[in-house]
Amino acid sequence: MTTLVTLQAAELAFGDLPLLDKANLVIQDGERIGLIGRNGTGKSSLLRIVAGVDKLDDGVRNVMDGLKIAYVSQEPYLPERDTIFDSLVSRGRLDEIADEREKWQMLARLDEYLHRFQMQGDQRPETASGGERKRAALALAFAMQPDLLLLDEPTNHLDIDAILTLENLVCTEYKGAKSLMVITHDRAFLDAVSTRIIELDRGILRSFPGNFAQYESRKEEQLQAEEVANRKFDKFWSQEEAWIRKGIEARRTRNEGRVRRLERLRQERAARRERIGQLNLNIDAGMKSGKIVAELEKVSLSFGDKIIVKDLDFRLLRGDRLGLIGHNGVGKSTLISLILGKRQPDSGSVKLGTNLQIAYFDQLREQLDPNKTVAETISPGSEWIEIGGVKKHVMAYLSDFLFPPRRANSPVANLSGGERNRLLLARLFALPANLLVLDEPTNDLDIDSLELLEQTLQTYPGTLILVSHDRRFLDNVVTEVLAPEGNGKWREYVGGYSDWLAYRPKTAEPPKESNAEKTSNKKPRASNKVKLTFKESKELSELPDRLTNLEGERDALLKDMSTPEYFQKSSEALRADAEHLQQLQDDIEKLYARWDELEAKKALSEKKDNTPFSP
C-alpha cells in the first residue's frame, strides 16, 4: 500500500489543553477513514492540517510527492460571480488550467457533478442556501478528481437524497488508489463508506479497522479496560501518598527511589486527561395534553403553482413520535406550521387539542439573540431556573449541557455551531412542554451527544414531531412517519425511516438508495419452484456453520489489525490483509443473502403445503 500522508509526533494546542498530543497518523491509498470525536476535540483542525491549510505547532507532516488533495469545509465559501458555475470555476482556479483539453474535461466534469447533486449551475451564488452551497462545493471536489478527498461534516444541511448521492459517489469513486477522510456524525453514512475509524480523544489518535458499527463494539471494550487501569493506578497512587504521610517513623525508613517514583505518579496523575463529560438531558413534559393533539381534515395549501399539501387527513395523538421525511424544499416546515395551527390552510380544517404546551427547536436557530450571553438566554434576569418544579442554579444547569462557568458570560454570537445547538436544547428543555417540535436538531452535535439525545427522546412521555435527515436517528426515535408522494400528497407509515424505505409505494418520491442500503434491503427473488431441493436443504443446514467460521476468521483478523504492532508489517502484507478482509466481508454478505433466499423459499413451501384446496 502507498502512504499518502503521515503525521509524526504531531502537536497542536488552542488554549490550555492540546488538541494533538504527540499524535501519529498514517493515511494510505484506498482507505476511507471516518474521523470522529467529541465537539471541540480538534477534528476540524486536524483535517485542515492534513489538507495543508494550517500548520502544526510541532511534529512532522509528510505528503507523497504530487499528491492532489481536495478539502471541503463545514461552511463552504462561494466567490461572488454571476452564477454558481462561474463561482466554482473561480474557486477551483479551473480557468487557469493551461491545457485546453484538460480544462474542457474539468469543466465538463463540474457540470456533470452539479447535475448529480441536483444543482443548477446558472443559479446566483448569493441566493444559495447552506445545503446548496455544500452540494456545489462537493461537486467541485469530485470534479477535481483528487487522490485524497477531505470532507468536514458533508452531510450537514443535506437532505437524504443528497446524502445517498454522496454515499454512492464515495463508494464507487473512492477505492483503489484514491482515499477519503471524513468528519461526520451521520452513523449510517459512516457504516456505509468507512473502511477505518480514527477517533481523536484527548489529543491522541486511535485507529479501529472497519466501519462505525465495528468501532462501537471495540470502543466499549477499550473504555472498560481504561477505567480498570485508571482505578488500579489511583489505588496504587493513594497507597503511596498514605505511606509518605506516615510521619517520623515512615521518614526514617523512607526509600529515596520510592519517593522519586511517587513524584512521577503525581505528575502522571496530574497530566491524565479525563474523558469529556456527557450531556445531562432531562425534559420537563409539563401537564398532560388532551388525547388528540392535532387533527387535520382535507387540508390543502399551495404557494402559487407549487402544491405543498393536498387533501391531507391526519391525526396526531398524545404520545406519538412523528418523523417528517422528504427532500429540502418539499414543505416539511410548512406542514409543521399547519399541524400547529400557525398557518391557515387554503381549504380543509385543523383542530388543536387541549392543554398544549409547545416547545419548538428551530433549525436556523432564529430563537437565539446573538447579543445576549449564554446565561441570559437560559434565565434572563435571574441566577436560578426551575425544571420540573425543582430550582437549579443557572451555572449548574449549563454545565449539564457542557458549558463551563467561563463560557456562561460569552455572547451567543461567539459560540460555535455545536455550542449554539446545545444552548438551544438547554433553552428548550428548560420549558415545560408536552409537545416537542425538533427541526433538524442533530446538526453540529457529536455522536455521543446525539446518542444521548436519542435516549432522552425515547423516554419522553409527551408528543414529538421530528424533522431530520439522519436515518439512524429517525429509526431510533420515531414511531411513525409522514412522507411526500408527489403533487402535495403525504402518506403516513408505521415505524421509522427503514420501514418507510421498505414499504413505500414505487410511485412515491424515492431516495437514491446507497449500495449499502440496496444490499440490506434486498428481498429474495421468488422462485418458480416452490419446494426446496435436497441440495438446497443441505445447503441451508450448512450455512450457520459456514457463517460462524467466516465471521470467526474475520474477527480474528480485525483483532490482529487493531493491535499497535500491526502497522509494522510490510506494505504488501497490509494490502493482502485488507483484500482478504474485504473478501471475507463480501463472502459473509453473500451467504446471509443466500440464507434469506432459502429461508423465504422454505417458508413459501410450507405455506403452500398448508393451504387448503379450493376448486
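Trainee: Is Tyr 497 buried or exposed in this predicted model?

Mentor: Buried means under 20% relative accessible area, exposed over 50%, and partly exposed in between (1.4 Å probe, protein chains only). Tyr 497 has a relative accessible area of 1%, so Tyr 497 is buried. Trp 500, at 4% relative accessibility, also counts as buried. This is a predicted model, in which local features need pLDDT of at least 70, side-chain atom pairs count only at pLDDT 80 or more, and totals for chains, interfaces and linings use all residues. Residues are numbered from 1 along each chain as its sequence is written, and side-chain values use heavy atoms, with hydrogens and water left out.

Trainee: Which aromatic pair do Tyr 497 and Trp 500 form?

Mentor: Rings of Phe, Tyr and Trp (its six-membered ring) pair if their centres lie within 6.5 Å; planes under 30 degrees apart count as stacked, over 60 as edge-to-face and the rest as tilted. By this rule the model has 7 aromatic pairs. One of them joins Phe 117 and Phe 142, tilted, with 6.3 Å centre to centre and 40 degrees between the planes. Phe 117 lies in the loop between helix H3 (100-116) and helix H4 (130-143) and Phe 142 in helix H4, so this pair ties together parts 25 residues apart in sequence. Tyr 497 and Trp 500 form a tilted pair, 5.8 Å centre to centre, with 50 degrees between the planes. Both lie in helix H16 (residues 497-503), 3 residues apart, about one turn of the helix. Helices (H or I, at least four residues) and strands (E, at least two) are DSSP runs, numbered from the N terminus.

Trainee: What distance separates Arg 187 and Glu 451 in their salt bridge?

Mentor: A salt bridge is a side-chain nitrogen of Lys or Arg within 4 Å of a carboxyl oxygen of Asp or Glu. The count is 21 salt bridges. For Arg 187 and Glu 451 the N to O distance is 3.9 Å. Arg 187 lies in helix H6 (residues 187-193) and Glu 451 in helix H14 (residues 447-458), so the pair ties together parts 264 residues apart in sequence. Arg 187 counts as buried at 1% relative accessibility, whereas Glu 451 is partly exposed at 21%.

Trainee: Where is the pLDDT below 50?

Mentor: pLDDT is the predictor's confidence in each residue, from 0 to 100. The protein chain averages 82, and 81% of the residues score at least 70. Over residues 515-530 the pLDDT is below 50. Where pLDDT is low, the predicted coordinates should not be read in detail.

Conventions
Contact means heavy atoms within 4.5 Å.
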